[in-house]
Amino acid sequence: MLLQFVTALIAIAVALSILMAGAWVVQQRTGNSGWVDTIWTFSLGLTGAVSALWPIAGAAPNARQWLVAALVTLWSIRLGSHIAIRSAGIHDDPRYAEYSRQWGADAPRKMFIFLQNQALGTIPLVFSIFVAARFPSDELRVQDWLGVLILVFGIVGEAVSDAQLKRFRTDPANKGKVCDVGLWKLSRHPNYFFEWYGWLAYPVIAISPDYLWGFAALLAPLFMYWILVHVTGIPPLEEQMARSRGEAYRAYQARTSKFFPLPPKTEPPKAEPLKAEARS
């Protein structure tokens, strides 16, 4: 089994490297780095589905393999389509555009390295899918269906977040304002939260005392949290929003949870001035 898993890791790494090299070519030719995230999403979905369905000891894929492949495919189609529609309507992604501005004349080479690092960082996500699909039992269990519910809930929550943001931005009355309606009142990044939440499905499916490889599926939510909260997700986006929205966004940051949906903080009541007789 060790040799099979090591071989899978190498194959996953090579496939992701090639696919993200293709994303670099598209970005260089179109000048729109928004397509990078679109290609990344579909690349993850493709490699994840293929790895889930990869034969076990030469046998045809079992029910769990098909289930896991269907989950990652559903996720990929929903998110990839959303990003593709968004990318088609912009000239460039502000986050990547800022990177290119900082890199200057060396931007093409550094972008290629950046995307190869992104491919490297995607390996834990695909490997989590791989080990979940290879749980040593042909019969579906309660925890498999629990994993389905978790992923579906994450997809629906992210779709609702995206729809609320799009509706807010397309209203001319909200031009220049900060979206703080619906789920955006509970979290500054509810779409990122639900994206992370959906990746909890694979460890739920995979983990068992009798299947130690299943614990490797924890890499997916751990890595996704780190990426979204500390690296390429929230930090550059909030920096951009603070520049474009100024004090309004800083006030939003002060009252709204950064990641996990929580009730907004209420501002402390202002102290009323003392009456004249009380001051005397």
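Biologist: Is S161 buried or exposed?

Modeller: S161 is buried, because its relative accessible area is 0%, and the cut-off for buried is under 20%. This is a predicted model, and the value is computed from it.

Biologist: Where does S161 lie?

Modeller: In helix α6.

Biologist: And what is S161 in contact with?

Modeller: Leaving aside neighbours within four places in sequence, S161 is in contact with L183, W184, P190, N191 and F194. Of those, P190, N191 and F194 are also among the buried residues of α7.

Biologist: Let's stay on α7, then. How many of its residues are buried?

Modeller: Eight of its nine residues are buried, so α7 is largely enclosed by the rest of the structure. The buried ones are P190, N191, Y192, F193, F194, E195, W196 and G198.

Biologist: What covers the buried residues of α7?

Modeller: The cover includes α3, α4 (94–103), α6, α8, α9 and α10.

Biologist: I see α4 in there. Where is R95 found?

Modeller: R95 is found in helix α4.

Biologist: Does R95 count as buried or exposed?

Modeller: R95 counts as buried, because its relative accessibility is 16% and buried means under 20%.

Biologist: Which residues is R95 in contact with?

Modeller: Setting aside neighbours within four places in sequence, the contacts of R95 are D37, Y192, T232, P236 and Q240. Y192 is one of the buried residues of α7. T232 is 137 residues from R95 along the chain, and the C-alpha atoms of the two are separated by 8.5 Å.

Biologist: What share of the contacts in the protein comes from residues 24 or more positions apart?

Modeller: Among contacts with a separation of 6 or more, residues 24 or more positions apart account for 80%.

Biologist: Let me step back. How many helices and strands are there?

Modeller: Twelve helices and zero strands. Read along the sequence, the pattern is α-α-α-α-α-α-α-α-α-α-α-α.

Biologist: What box do the C-alpha atoms fill, and what percentage of residues count as buried?

Modeller: The box is roughly 90 × 50 × 30 Å, taken along the principal axes. Of the 280 residues, 44% count as buried.

Biologist: Now helix packing. How is a pair of packed helices described?

Modeller: By the angle between the two axes and the distance between them.

Biologist: So at what angle do α3 and α5 pack?

Modeller: Helix α3 (residues 63–88) and α5 pack at an angle of about 155°, with their axes 8 Å apart. That makes α3 roughly antiparallel to α5, because the angle is over 145 degrees.

Biologist: Which residues meet there?

Modeller: R64, Q65, V68 and V72 in α3 meet I129, A132 and A133 in α5. By class, this contact has five nonpolar, one polar and one charged residues.

Biologist: And α10 with α11, how do their axes cross?

Modeller: The axes of α10 and helix α11 (residues 247–255) cross at roughly 130° and come within 6 Å. That makes α10 oblique to α11. On the α10 side, E238, M241, A242 and R245 meet E247, A248, Y249, R250 and Q253 of α11. The residues of this contact divide into four nonpolar, one polar and four charged.

Biologist: What are the buried residues of α9?

Modeller: In helix α9 (residues 219–231) they are A220, P221, M224, I227, L228 and V229. Their cover includes α2 (34–53), α5 (107–133), α7 (190–198), α8 (201–206) and α10 (234–245).

Biologist: Switching to loops. Where is L186 found?

Modeller: L186 is found in the loop between α6 (142–170) and α7. At 30% relative accessibility, L186 counts as partly exposed.

Biologist: What does L186 touch?

Modeller: Not counting residues up to four places away in sequence, L186 touches T256, S257, F260, P261, L262, P263 and P264. The C-alpha atoms of L186 and P263 are separated by 5.5 Å, though the two are 77 residues apart along the chain.

Terms used: Residues are numbered from 1 along each chain as its sequence is written. This is a predicted model: local features need pLDDT of at least 70, side-chain atom pairs count only at pLDDT 80 or more; totals for chains, interfaces and linings use all residues. Side-chain values use heavy atoms; hydrogens and water are left out. Buried means under 20% relative accessible area, exposed over 50%, partly exposed in between (1.4 Å probe, protein chains only). Helices (H or I, at least four residues) and strands (E, at least two) are DSSP runs, numbered from the N terminus. Contact means heavy atoms within 4.5 Å. Axes are lines fitted to C-alpha atoms, for helices over the stretch in contact, and angles run from 0 to 180 degrees between N-to-C directions. Angles under 35 degrees count as roughly parallel, over 145 as roughly antiparallel, 65 to 115 as roughly perpendicular and the rest as oblique. Ala, Val, Leu, Ile, Met, Phe, Trp, Tyr, Cys and Pro count as nonpolar, Asp, Glu, Lys and Arg as charged, and the others, Gly among them, as polar.
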